[in-house]
Amino acid sequence: MKKQNIKVSIIVPVYNVAPYLARCLDSLIAQTLRDIEIICIDDKSTDNSLEILNQYGNKYPQIKVIALDKNSGVSTARNIGIDAATGEYLGFVDSDDYIDADFYEKLYKTARASGADITRGGVKITSYDGATTTDNSEIKNIERHGKWYFAWQWWAAIYRTDMIKGGKVSFPASIISGEDTVFLVKSLVLAESVLIVPDTYYHYIRREGSLDEQIMSVAKITSRITALETISQIYNISDMTSDDYISRYAWTIGALYTHFFKNTAEHSKRQVTDAIVRMYMACRDKGGISKKLVDIMGAHGAAYLKSCDMDGLFNYLCNTVNKSDAFVQTDTFYLFGAIPLLKIFRASERLLVRFCGINVLRVKSAPKDYRIWVLYIPIIRKKRRYKG
């Protein structure tokens with residue numbers, strides 16, 4: 001009997017997700033791409049997740065179930081899945097998410113036709129309130145600026161197995177939150193090309209108790225600090241261009257900055273502040289980074305950071321109003337295409353308007369799109385920048 005040629009190995013870590021597991025598995029079984037294997041690693045669940053996995057495994061031969069003897073964490077589960085994988089490419093799906101039926105077929109065909117090391121699809125995000133949105137911001141960043149702007153939606157991609165196994169890329173087991181982004185950045189170091197397939201979707205579900213929460217425990221924040229510092233160390237020894245380095249390193253500090261507002265404990269806030277200063281001190285282009293951080297932390301925050309004044313930065317951040325949802329988009333308007341005139345900073349529920357460097361308006365919510373036209377002649381150019 002001829003040995004099956006597996007095209008994509010799909011790795012699914014499972015831990016206490018019984019209410020969501022069938023939806024996930026049904027979306028994987030329904031894949032139009034044939035010759036796939038679905039490797040499910042049960043991390044010693046205490047609900048009936050393993051029972052559900054075994055039921056599916058007995059019914060569908062493409063499903064392989066690995067039951068761990070003890071709870072070891074999602075990184076260990078994924079690493080075991082990588083070791084067991086036999087496919088040309090690796091895919092990863094969290095057990096409370098699901099994907100379109102043609103997701104892996106479209107990604108695989110594009111990867112094979114182009115020889116891309118990483119190929120990623122589109123993303124639809126369902127928020128805590130059940131609202132679903134299509135998130136194209138990261139795809140646009142990758143298309144415009146290159147692979148280093150693939151920042152966090154790592155599960156929406158497939159990775160060439162030889163690259164991952166040959167480069168010994170794995171998920172750091174010592175990091176409980178943010179380990180996936182470390183995996184992504186390590187993969188990007190090796191990848192020569194990242195291609196986009198925007199018309200098929202990974203459905204990412206935000207829910208209470210998941211690792212992606214608005215408010216985090218001190219332990220998770222500590223872990224995120226470790227993850228972001230690990231990423232910054234990778235950037236510091238990479239061969240990125242100067243512009244890419246400044247942008248991505250500033251983004252990493254900005255990601256740390258948002259964690260200041262995700263826990264009210266003073267110890268946690270001090271931890272984040274110290275890590276921000278530490279990361280800034282370690283960067284190889286402090287001048288370029290400090291200019292970028294003005295948009296992220298404000299002129300005063302960037303000044304405290306530039307002088308490495310931890311107490312000053314801590315007090316400044318403590319007195320910063322309503323930053324639990326950091327600004328994620330900046331629109332800059334240039335008069336006659338050249339002179340910076342107006343900046344509009346947006347978050348999901350906030351907006352700040354700055355005219356000639358002066359804050360002139362702050363509102364809680366804002367429309368998503370807008371234009372400025374005079375007699376149908378576009379005399380003002382708008383430049384939009386996203387973090388991540």
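Residues are numbered from 1 along each chain as its sequence is written, and side-chain values use heavy atoms, with hydrogens and water left out. Because the model is predicted, local features need pLDDT of at least 70 and side-chain atom pairs count only at pLDDT 80 or more, whereas totals for chains, interfaces and linings use all residues.

Begin by selecting helix H2, residues 49-59; helices (H or I, at least four residues) and strands (E, at least two) are DSSP runs, numbered from the N terminus. The buried residues of H2 are Ser-49, Ile-52, Leu-53 and Tyr-56, where buried means under 20% relative accessible area, with a 1.4 Å probe and protein chains only. Seen down the axis of H2, these residues fall within an arc of 100°, so they line one face of the helix; the arc is that of the directions from the helix axis to the C-beta atoms.

Leaving aside neighbours within four places in sequence, Ser-27 is in contact (heavy atoms within 4.5 Å) with Tyr-98 and Ile-99.

Next, show helix H7 (residues 179-190) together with helix H8 (residues 218-236), whose axes come within 9 Å and cross at roughly 10°. The axes are lines fitted to C-alpha atoms, for helices over the stretch in contact, and angles run from 0 to 180 degrees between N-to-C directions. That crossing makes H7 roughly parallel to H8, a term for angles under 35 degrees. Select Thr-181, Val-182, Val-185, Lys-186 and Val-189 in H7, which meet Ala-227, Thr-230, Ile-231, Ile-234 and Tyr-235 in H8.

Now turn to the largest nonpolar core, which has 101 residues, Tyr-104 and Tyr-159 being those with the most contacts inside it. Such a core is a set of buried Ala, Val, Leu, Ile, Met, Phe, Trp, Tyr and Cys residues joined through side-chain atoms within 4.5 Å. Its largest share, eight residues, comes from helix H9 (residues 242-259). Around Tyr-159, not counting residues up to four places away in sequence, the residues touched include Glu-88, Phe-92, Asp-117, Trp-154 and Phe-183.

Finish with H9 and helix H11 (residues 286-306), whose axes come within 7 Å and cross at roughly 35°. Among the residues that meet here are Tyr-249 and Ile-253 in H9 and Leu-293 and Ile-296 in H11.

Technical notes
Buried < 20%, exposed > 50% of the residue type's maximum accessible area, 1.4 Å probe, protein only. Parallel < 35°, antiparallel > 145°, perpendicular 65-115°, else oblique.
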